[in-house]
Amino acid sequence: MQSWSEPVNPKLPGMGRDLRLFDSATQSVRPTAPGQTAKIYVCGITPYDATHIGHANTYVAFDLLIRAWLDSGISVNYVQNVTDIDEPLLERAIATGQDWREIADRETALFREDMQALGVIPPQHYIGAVESIPQVAEHVLQLQSAGKTYALDGDIYFTIAQAPLFGSISHLTRPQMLDIFGERGGDPDRVGKIDPLDPLLWKNERPDEPAWNTVLGHGRPGWHIECSTIALTYLGDQIDVQGGGSDLVFPHHEMSAAQAESLTGVDPFARFYVHSGMVSWQGHKMSKSRGNLVFVSTLRHEGVDPAAIRLALLAHHYRSDWSWTPQGLEGAQSRLDLWREATSLECAIDSEPVLDRVREVMSDDLKTPSALDAIDNWARDSLHAGGSHTAAPGLVKDMCASLLGLYL
Ligand code: 5CA
Ligand code: ZN
């Protein structure tokens, strides 16, 4: 699939520190220490509605992670999927009388525009579920041949019982797993399953539903195996980071990892499982199913500067849950004005210590609120007290672009 354009990121003097990140599996902040090329897979959108602030927060969080790696001299292979066939898309198509493909194409196009406007670095491989169906079917066949699946009325399930690391990402109790599985696309109550938690690998063709002709016959993939397959195909048997919002910890990342590990024999599938917090609005997590959404494109069309939207997100640490408010956006706009004024000065206070501080806090699990504080202080002091460093405003501008994705 077509991705979007890469923003221009100025080269900064010196080099960033080694990035440390919180890993959901070990529940600890550890050095990421990837090889020369870091491999990251971030779960993409299900394109049945436009990009909302919660999505934006998640993709900006992983953009910051990638920027921190790039700044420390590591190149990055970044893969993101689009879940361009799934139940919610088909339900939306029926409800609105549109073709599911048209909805997916239109919303994916809007997502690309939003990402570009927000200064998000595009993935090298932007891969649709639909275009991956032949590889998914091959993987399901492999699991079948290895005796790790069973059939139920023509559908194929993965037997979770033989996945030794199952549960090690989410650390949930079994009753918790059962509850959440049912809420997030699973079918714990289907009669005939060996374990209610077994995830669907392959759905046999149903009347009035799209199906593809594959080595498994006519049908379509289950959700989790799509991400296992796309990650394995484009990044190899073990990746450095599997990312997404915290609502994907279970069942999605737990299941994707269990399936990938069963396919390759390599564990863990991801060295780090990284999850961003949930953004709420009107008292609930912003979600397409609830419909309490603030769209990035609506704000843009209202004339809101995308840099202000991005800055409103950066005011929160990526792992915290928080509420979107108009006041938060106003605060971000004032901050943007302050930074733009200070970076337009002819000379200012030395900003090399600011670069050092921002690198320090960003390398420590991407602590954006501390980075914003450091830049605020520099901007205020420069505007009030002046300074004699002619290169300082330019350095802050470049730093905001390269490390924070803010193009002042
Ligand atoms: N297509 C699947 C992943 S394979 C999916 O979850 N799509 S999604 O459109 O529902 O969500 C896309 C990303 O946005 C996911 O990482 C999800 O965790 C994140 N996300 C969804 N809602 C919010 C929210 N309110 N706050 C923060 N992140 C969110
Ligand atoms: Zn996914």
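1. Donors are taken here as N, O and S atoms within 2.8 Å of the metal (3.2 Å for Na, K and Ca), and since water is not among the atoms, sites may look incomplete. This is a predicted model, in which local features need pLDDT of at least 70 and side-chain atom pairs count only at pLDDT 80 or more, while totals for chains, interfaces and linings use all residues. Residues are numbered from 1 along each chain as its sequence is written, chains are lettered from A and ligands numbered from 1 in the order in which they are written, and side-chain values use heavy atoms, with hydrogens and water left out.

2. The zinc ion (ligand 2) is held at 2.1 to 2.3 Å by Cys-43 (SG), Cys-227 (SG) and His-252 (NE2). The arrangement is tetrahedral because the 4 donor atoms around this zinc ion subtend angles of 102 to 121°, four donors being counted as tetrahedral if all angles lie between 85 and 135 degrees.

3. Along the chain, the donors of the zinc ion (ligand 2) follow the spacing C-x183-C-x24-H. Distant parts of the chain are linked by the pair Cys-43, in the loop between β3 (37-42) and α1 (53-71), and His-252, in helix α7 (residues 249-264), which are 209 residues apart; helices (H or I, at least four residues) and strands (E, at least two) are DSSP runs, numbered from the N terminus. Cys-43 is buried, at a relative accessible area of 4%, and His-252 is buried too, at 1%, where buried means under 20% relative accessible area, exposed over 50%, and partly exposed in between (1.4 Å probe, protein chains only).

4. In helix α2 (residues 87-96), the buried residues are Leu-89, Leu-90 and Ala-93. These cover an arc of only 95° around the axis, which puts them on the same side of α2, the arc being that of the directions from the helix axis to the C-beta atoms. The face turned away from this buried side carries the exposed residues Glu-91, Ile-94 and Ala-95, whereas the buried residues pack against α3 (100-117) and β10 (217-221). Gly-97, with a positive phi near 70°, follows α2.

5. An automatic or database domain assignment divides the chain into domain 1 (20-281) and domain 2 (303-404). Contact (heavy atoms within 4.5 Å) joins 27 residues of domain 1 with 24 residues of domain 2.

Note on methods:
Tetrahedral: all angles 85-135°; square planar, octahedral: opposite > 155°, others 65-115°.
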